[in-house]
Amino acid sequence: MDPLRVGLTGGIGSGKSTVAQVLADCGAAVIDSDAISHLVTAPGGAAIEPIARQFGPQFITPEGALDRDVMRQLVFADAGAKKRLESIVHPLVGEEAVRQAARSDSACIVFDVPLLVESGRWRQRVDQVLVVDCSEATQISRVMARNGWTREAVERVMASQASRDQRLTAADICIYNDAPLSLAALTGTVRQLAQRFGL
């Protein structure tokens, strides 16, 4: 029988990574698109040469990786640059995700994709979309505490992601991860969901 393919997404600070870890602990094969993105933009990664051609050598570190700080400044200021970068990185991430999924023997494959709603191409690749949701105020406070960022920095990232309404509209299943829900309660909710996923 074919495995259930679940697309997992949520805004920054929503608790998506926690949900992914619990699903992995329950036996799901979790394919982390962020980790793959870091892999293809690391020294020797498949995205490095096309990025250098498209943007110039100043966007590559002396070690041969994507200079994320320099690129982040550009894409926040220039939506066209963001699209050009995504046109290089996203197909490579998709190809590697397919390769990893093909190697899995789990009953459930979870594709952890922060930009699932934004990309437009993931919806047809998965059977169900699982959205981890919380209030925007909670997102901001969590990321400020976790990353040491300013409120403005968190809000900039949030503005570059799909809106909360867009994610909820795309959801087949939603986990609301906000106060007063504790970590233990969240874990219990995810474990119940894992049983529904055949794990």
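How many nonpolar, polar and charged residues does the lining of the largest pocket have? In this predicted model, local features need pLDDT of at least 70 and side-chain atom pairs count only at pLDDT 80 or more, while totals for chains, interfaces and linings use all residues. Residues are numbered from 1 along each chain as its sequence is written, and side-chain values use heavy atoms, with hydrogens and water left out.

The lining of the largest pocket has 15 nonpolar, 16 polar and 12 charged residues (Ala, Val, Leu, Ile, Met, Phe, Trp, Tyr, Cys and Pro count as nonpolar, Asp, Glu, Lys and Arg as charged, and the others, Gly among them, as polar). A pocket is an open set of points on a 1 Å grid over the protein atoms alone, where a 1.4 Å probe fits, with protein on both sides within 12 Å along at least five of seven lines; lining residues have an atom within 4 Å of a point. The largest pocket holds about 1400 Å³ of space, a volume being the space filled by probe spheres set on the points, which are joined across faces, edges and corners. Of its 43 lining residues, Asp 34, Arg 68, Pro 114, Leu 115 and Gln 161 are the closest to the centre. Helix 5 supplies the largest share of this lining, seven residues (helices are DSSP runs of H or I, at least four residues, numbered from the N terminus).

The second largest pocket has about 160 Å³ of space. Its lining consists of Asp 69, Arg 72, Gln 73, Phe 76, Trp 149, Ala 153, Arg 156 and Val 157. Helix 4 and helix 8 each give two or more residues to this lining, and the largest share, four residues, comes from helix 4.
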